[in-house]
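Q: I have a model open here and would like to talk through how it is put together. Can we start with the strands and move on from there?

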Amino acid sequence: MISPAASVPGSRAIISPATWRDLIILRRVEKACFGSDSWPLIDLIGVLTKPGVVRLKVVIGEEMVGFIAGDVRPAEKLAWIATFCV
């Protein structure tokens, strides 16, 4: 279980759950990481709102510098990383 916010030892980075409120900055991070291959807006909305998706952001100071989302399906005994960008 991920706590509401966790610091990274030896770093100023804070890891916390991402929400729909992070949509605008997540879009910028996705574009910076993936350029023309970044997810369209509707997919970002989905990953930030779909139940069962684990979504974490990394923030240093006031800036989001990383994001990861994973789809966990315990009943099927599988999970996968949907996106990861730093």
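Q: What stands opposite V53 in β4?
A: This is a predicted model, and in it V53 stands opposite D71 of β4. V53 itself is found in strand β3.

Q: Is V53 buried or exposed?
A: V53 counts as buried, because its relative accessibility is 14% and the cut-off for buried is under 20%.

Q: And which residues does V53 touch, leaving aside those up to four places away in sequence?
A: With those left out, V53 touches V47, A69 and G70. As for C-alpha distances, V53 and R73 are 20 residues apart along the chain, and their C-alpha atoms are separated by 9.1 Å.

Q: How many bridges join β3 to β4, and which way do the two strands run?
A: Eight bridges join strand β3, residues 53-60, to strand β4, residues 63-73, and the two run antiparallel. Together β3 and β4 form a hairpin that has two residues between the strands, and G61 in that turn has a positive phi of about 65°.

Q: What about β4 and β5, how many bridges there?
A: Seven bridges join β4 to strand β5, which covers residues 78-85, and this pair runs antiparallel. Within the pair, I68 stands opposite F84 in β5, and the hairpin formed by β4 and β5 has four residues between the strands.

Q: Which residue in that turn has a positive phi?
A: K77 in the turn has a positive phi of about 55°, and K77 has this value although it is not a glycine. K77 is found in the loop between β4 and β5.

Q: Buried or exposed, that K77?
A: K77 is exposed, because its relative accessible area is 77% and exposed means over 50%.

Q: Let's zoom out. What pattern does the chain follow along the sequence?
A: Read along the sequence, the chain follows the pattern β-β-α-α-β-β-β, with two helices and five strands. Of its 86 residues, 29% count as buried. Considering the contacts in the chain with a separation of 6 or more, residues 24 or more positions apart account for 36% of them.

Q: Now the helices: at what angle do the axes of α1 and α2 cross?
A: The axes of helix α1, residues 23-34, and helix α2, residues 41-49, come within 10 Å and cross at roughly 120°. That angle makes α1 oblique to α2, and the crossing of the two helices is right-handed.

Q: Which residues make that contact?
A: On the α1 side the contact is made by L23, L26, R27 and E30, and on the α2 side by L41, L44, I45 and L48. Those residues divide into six nonpolar, no polar and two charged.

Q: One more, on the tryptophan: where is W20 found?
A: W20 is found in the loop between β2, residues 13-17, and α1. Not counting residues up to four places away in sequence, W20 touches L48 and T49, and L48 is one of the α2 residues that make the contact with α1.

Q: Why does W20 count as exposed?
A: W20 is exposed because its relative accessible area is 56%, and the cut-off for exposed is over 50%. The C-alpha atoms of W20 and G46 are separated by 9.1 Å, with the two residues 26 apart along the chain.

Key:
Residues numbered from 1 in each chain as written. Predicted model: local features only at pLDDT ≥ 70, side-chain atom pairs only at ≥ 80, totals over all residues. Heavy atoms only, no water. Axes fitted to C-alpha atoms, helices over the stretch in contact; angles between N-to-C directions. Parallel < 35°, antiparallel > 145°, perpendicular 65-115°, else oblique. Left-handed = near helix turned anticlockwise from the far one by under 90°. Contact = heavy atoms within 4.5 Å. Nonpolar A, V, L, I, M, F, W, Y, C, P; charged D, E, K, R; others polar. Pairing = 2+ DSSP bridges. Buried < 20%, exposed > 50% of the residue type's maximum accessible area, 1.4 Å probe, protein only.
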